[in-house]
Amino acid sequence: MRFNKLDLNLLVALDAMLSESSISRAAEKLHMSQSAMSNALARLREYFDDELLVQVGRRMEMTPRAEALRDTVHDLLLRVDTSIATQPEFVPAQSDREFRVFVSDFTLSTLMPHVLARVHAQAPGVRFSLLPQTDEPARSLEQGEVDLLVMPVDYCSPSHPVETLFTEGFSCVVWSGGRYGRSPLTFDQYAAAGHVSMRPAVSQPSSFEGWVVQRYGLTRRDEVTTYSFASAPALVVGTDRIATVHSRLAKVAARYLPLTVHAPPLAFPEMKQSLQWHKYRSKDPGLSWLREVFFAAVADMDAAL
């Protein structure tokens, strides 16, 4: 099939080559021979009158024309894919679809068990690939690498639909046998204590509660840092340190650890935990069903807590 004398099959090859910046990896991705991919590149170079990919040392780099084409070509193919691949209806009990979801370990620890329980009851054949947040979650959404993002609304892209799942407060957890295990925390105690804090492994801003603490002009003494929200409560046990964590996570951790949960001695605004999906998938019946499951699972989570 041709459009303005361009073989449209070449756009698939172009998308693979520009996303991989490699002829061999693009060929492997599309299950083609390297010679067939090289031939496709030669035809694309002739059509666009541009080298598109050039060898620089051991790497292939995109020309300015290729840079300009990359997102446009991928967006076009994604629109075609979502239009053709989306089934007119979704029957949960008969589906074996796999959903790719970006989640934090906070969500993994608190909400996802309830999501999976509901899905298992309704759609036992449905599978999940639960993936860690990346440096650029919006980019992964744009590239069609993920079906759903579960993250604070502040980090969501303005270019795609967003729904607030629930609001989340913050609590302080301390070892029940320690200095702060018996009476409520004061502001001065919070400011003077050692802390366990979460710092994302990816190059995003500091965690939500860390950003709020900065607004109070505190120089918090972070004696332990961790890349995991869920690990923070366990890391205060046996010490006089404080971890400021999501309130639901604090309740879950206090079930199996010797912890006391305190209200923070400073006012933290609530976090809005949200769902985001690609705008081209708003009419995907499977994704619509999954979003409904997430909202129902929030009620299950809160009832369990």
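**Close-up views of a predicted model**

**View 1. Ser171 faces Val245 across a strand pair.** Ser171 stands opposite Val245 in β12. This is a predicted model, in which local features need pLDDT of at least 70, side-chain atom pairs count only at pLDDT 80 or more, and totals for chains, interfaces and linings use all residues. Residues are numbered from 1 along each chain as its sequence is written, and side-chain values use heavy atoms, with hydrogens and water left out. Strands β9 (residues 170-175) and β12 (residues 242-246) run antiparallel and are joined by 4 bridges. Two strands pair if DSSP finds at least two bridges between them. Helices (H or I, at least four residues) and strands (E, at least two) are DSSP runs, numbered from the N terminus.

**View 2. An open sheet has the order β11-β10-β12-β9-β13.** The sheet has 5 strands with mixed pairing. Strands β11 (221-226) and β13 (259-262) stand at its edges. Each has a single partner strand, so one side of each is left without a neighbour in the sheet. From one strand to the next, the twist averages 35°. Helix α10 (residues 247-254) lies across β9, β12 and β13. The helix runs at about 115° to β12. Axes are lines fitted to C-alpha atoms, for helices over the stretch in contact, and angles run from 0 to 180 degrees between N-to-C directions. Contact means heavy atoms within 4.5 Å.

View 3. Strand β7 (residues 148-152) and strand β14 (residues 271-276) run antiparallel, with 4 bridges between them. Pro152 stands opposite Gln273 in β14.

**View 4. Helix α5 holds Thr107 and Leu108.** Thr107 has a relative accessible area of 1%, so this residue is buried. Buried means under 20% relative accessible area, exposed over 50%, and partly exposed in between (1.4 Å probe, protein chains only). Leaving aside residues up to four places away in sequence, Thr107 touches Met112, Val150 and Gln273. Leu108 counts as partly exposed because its relative accessibility is 37%. The helix spans residues 105-110. Leu108, Leu116 and Leu130 make a nonpolar surface patch of about 210 Å². Patches are made of residues with over 30% relative accessible area and no salt bridge; like charges are joined within 9 Å, nonpolar side chains (Val, Leu, Ile, Met, Phe, Trp, Tyr) within 5 Å. A salt bridge is a side-chain nitrogen of Lys or Arg within 4 Å of a carboxyl oxygen of Asp or Glu.

**View 5. Glu28 sits in helix α2.** The helix covers residues 23-29. Glu28 is exposed, because its relative accessible area is 62%. Ala16 is 12 residues away along the chain, and the two C-alpha atoms are separated by 9.6 Å.

**View 6. The protein chain has 11 helices and 14 strands.** Of its 305 residues, 44% count as buried. The chain exposes about 15700 Å², and carbon and sulfur atoms supply 51% of that area. Accessible areas come from the Shrake-Rupley method with a 1.4 Å probe; for residues, only the protein chains shown count as cover.
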